[in-house]
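Hi everyone, thanks for making time.

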Amino acid sequence: MLKQAAEIAGIELLTVDWKTLGNIGDFENGTGMPKSLFSEGEEIGAIHYGHIYTRYNLFVDKPIVSVSKKDAEKLKKLRYGDLVIAKTSENVEDVMKTVAYLGYTEAVTGGHSAIFHHHENPKYLSYVLNGANYAIKQKNRLARGVKVIELSTADMEKISIPLPPRSVQDKIVSILDDFNTLINDISNGLPKEVELRQKQYEHYRGKLLNFKKEE
């Protein structure tokens, strides 16, 4: 833990370039995929936008539902590292919930979701979009709607995030993954200890994901 704290102290002193999502990748809107298409067996993994809220955390390597190969031909394809983003929600807090697809097999997604293709560390981007205050404030400001909250890909493109070198992204991911593992290991422990570790994780996540802008 002391080693990680030292690494965090070094990383948070970095000044990096900030870029909009539109400048570092491309968005693609999903289409279709009602739940009636879900099937069992050796089919094509499918990430449904509803499951982004209810069944996945930040990353997924094996989707929990599948569709037939025939139905998959009509849906938008995912490749390793793509972000799958929920475009609609019942509240502004949940809209733009993001999961990084880390599977090496073919997978698809459908309507009410967007795919973000990029060349950065997918875990770094998922940590930023789901947990960094500056990203959350921007998407909350851009979201539209009353009963159904929506965020278009055109507005997602405007969101600005810090983009350190890939080696720094990898180091940040390694540290946050270690914290997540620690929290999961004690998830059945005393509530007070779990709460303490969660607060510690959120504290260090804030330090790791906040950078000064280059002039």
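Before we start, one cut-off to keep in mind: a residue is called buried when its relative accessible area is under 20%, and exposed when that area is over 50%, with partly exposed in between. And please remember that this is a predicted model.

Now to the rings. How many aromatic pairs are there? The count comes to 5.

Let me show you one of them, Phe59 with Tyr127. Their ring centres are 5.4 Å apart and the planes meet at 80°, so we call this pair edge-to-face. Phe59 belongs to strand β5, residues 59–60, while Tyr127 is part of helix α5, residues 122–131, so you are looking at distant parts of the chain, 68 residues apart, linked by this pair. Buried or exposed, what about Tyr127? Tyr127 is buried, at 2% relative accessible area. Phe59, on the other hand, has 23% relative accessibility and counts as partly exposed.

Next, please find Phe179 and Tyr204. Here the centres are 5.2 Å apart and the planes are at 25°, so this pair is stacked. Phe179 comes from helix α8, residues 166–185, and Tyr204 from helix α9, residues 191–209, so the pair ties together parts 25 residues apart in sequence. Phe179 is buried, with a relative accessible area of 1%. And Tyr204? Its relative accessibility is 16%, which is under the 20% cut-off, so Tyr204 counts as buried.

That's my tour, and I'm happy to take questions!

Notes
Residues are numbered from 1 along each chain as its sequence is written. This is a predicted model: local features need pLDDT of at least 70, side-chain atom pairs count only at pLDDT 80 or more; totals for chains, interfaces and linings use all residues. Side-chain values use heavy atoms; hydrogens and water are left out. Rings of Phe, Tyr and Trp (its six-membered ring) pair if their centres lie within 6.5 Å; planes under 30 degrees apart count as stacked, over 60 as edge-to-face and the rest as tilted. Helices (H or I, at least four residues) and strands (E, at least two) are DSSP runs, numbered from the N terminus. Buried means under 20% relative accessible area, exposed over 50%, partly exposed in between (1.4 Å probe, protein chains only).
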